[in-house]
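User: I'm new to reading protein models and I'd like to know where the labels come from. Can you take me through this one?

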Amino acid sequence: MLRFGTSGIPRSSARPGTVHGIRRARELGLDHLEMAWVNGVRMSDATADGIAAAAREHDLTLTAHAPYYVNLCGEPDVVERSRARLEEAGRLGVRCGAQSFCFHAGFYGKLDHGEANRRIQRELARIASALRKRRHAIDVRAELTGKASQVGSLEEVLAWSAAVPGVLPCVDFSHRYARDVGLHNHYADFATTLVAIETRLGRGALDRLHVHISGIQFGPKGERRHEPLRETKFRWKELLRALKDLRVSGWVVCESPCMEDDALLLQKTYRRLK
């Protein structure tokens, strides 16, 4: 079963706050919400407990997007702060009842790809281990990124996931399309990606997949901006068909500017597929 939701509180929520966002998402007919902590995680444990209660009451699953201020292959002080942010995102995610949290792992900078990958894998192992020791059961998911300057190709996120227990991919198919400047945009491409995930990580990875979808614009260096699904050249309908045909379960998070409208469009289109 795939659950569909928004990246952050629906724009049409009458009041701010994740609890009200959960209620609005369910009113709209959505069954998932990703907590967008991209500018930092600032939340008391009591607030997190209230979010968990609201999600249970409305039968809404939760994931989280950790802060953008992360670079696991940067200078030592940057890495230390990044690791702390991710561990706190994992801790609070569990408290809120989230089953998965995702993040952008870092930037190549002056490092060659091999060294950047080794550094990130080492830090992911430390983060996953720290969460396990504290009994925080949540998926640690490095996201497939949209720019060539960002570490996080499909091959990289699959390699980290295969090597580090507790680490799994967040597969942003729109990012892959943008990162590869318009490639990977047909049914066969999407199906091949899903088969690669299953081959490398096992069937369980498709039974519990964290997916991002949006309309997207790109340039020579990859992602430029998100855009509505009805305006994009990204073939999201063919992606939904591939997800259906390969019997993928998990969470589909819409990151387009008109997020609840497009999340509902994704959900409606998917449910109509035979």
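**Pockets, pairs and a core**

Analyst: Let's begin with a pocket: the second largest pocket has a volume of about 180 Å³. Keep in mind that this is a predicted model.

User: Which residues lie nearest the centre of the second largest pocket?

Analyst: Those are Ile-9, Thr-18, Met-35, Ala-36 and Trp-37, out of 13 lining residues. Strand β2 gives the most to that lining, with three residues. Both β2 and α2 (45–57) supply at least two residues each. Sorted by class, the lining has seven nonpolar, five polar and one charged residues.

User: And how much space lies in the largest pocket?

Analyst: About 310 Å³. It has 18 lining residues, and the closest to its centre are Tyr-68, His-104, Glu-223, His-226 and Glu-255. Its lining has seven nonpolar, seven polar and four charged residues.

User: What makes Glu-27 and Arg-24 a salt bridge?

Analyst: Check the distance. A side-chain nitrogen of Lys or Arg has to be within 4 Å of a carboxyl oxygen of Asp or Glu. The closest N and O atoms of Glu-27 and Arg-24 are 3.2 Å apart, so the pair passes the 4 Å cut-off. Both residues lie in helix α1 (residues 18–28), three residues apart, which is about one turn of the helix. An α-helix has 3.6 residues a turn, so residues three or four places apart point the same way.

User: What parts does the pair Arg-208 and Asp-139 tie together?

Analyst: First the bridge itself: the closest N and O atoms of Arg-208 and Asp-139 are 2.8 Å apart. Arg-208 lies in the loop between α8 (203–207) and β9 (209–213), and Asp-139 in strand β6 (residues 139–143), so the bridge ties together parts 69 residues apart in sequence. Arg-208 is partly exposed because its relative accessible area is 32%, while Asp-139 is buried because its value is 11%.

User: How many salt bridges does the rule give?

Analyst: The count comes to 23 salt bridges.

User: Why is His-58 called buried?

Analyst: The cut-off for buried is under 20%. His-58 has a relative accessible area of 19%, so it is buried. You'll find His-58 in the loop between α2 and β3 (61–65). Setting aside residues up to four places away in sequence, His-58 touches Ile-22, Arg-23 and Arg-26.

User: What about Leu-194, buried or exposed?

Analyst: Buried: Leu-194 has a relative accessible area of 0%, and the label needs under 20%. Leu-194 lies in helix α7. Beyond residues up to four places away in sequence, Leu-194 touches Phe-173, Leu-206, Leu-209, Ala-242, Leu-243, Leu-246 and Val-248. One of these, Ala-242, is 48 residues from Leu-194 in sequence, yet their C-alpha atoms are 8.2 Å apart in space.

User: Which residues have the most contacts inside the largest nonpolar core?

Analyst: Leu-194 is one of them, along with Phe-101, Phe-103 and Ile-213, in a core of 77 residues. Helix α4 (residues 113–133) gives the most to this core, with six residues. Leaving aside neighbours within four places in sequence, the contacts of Phe-101 include Ala-64, Leu-86, Leu-131 and Val-140.

Notes:
Residues numbered from 1 in each chain as written. Predicted model: local features only at pLDDT ≥ 70, side-chain atom pairs only at ≥ 80, totals over all residues. Heavy atoms only, no water. Helix = DSSP H or I, 4+ residues; strand = E, 2+ residues; numbered from the N terminus. Buried < 20%, exposed > 50% of the residue type's maximum accessible area, 1.4 Å probe, protein only. 1 Å grid on protein atoms, 1.4 Å probe; cavity = no way out; pocket = protein on both sides within 12 Å on 5 of 7 lines; lining within 4 Å. Points joined across faces, edges and corners; volume = space filled by probe spheres on them. Nonpolar A, V, L, I, M, F, W, Y, C, P; charged D, E, K, R; others polar. Core = buried A, V, L, I, M, F, W, Y, C linked by side-chain atoms within 4.5 Å. Contact = heavy atoms within 4.5 Å.
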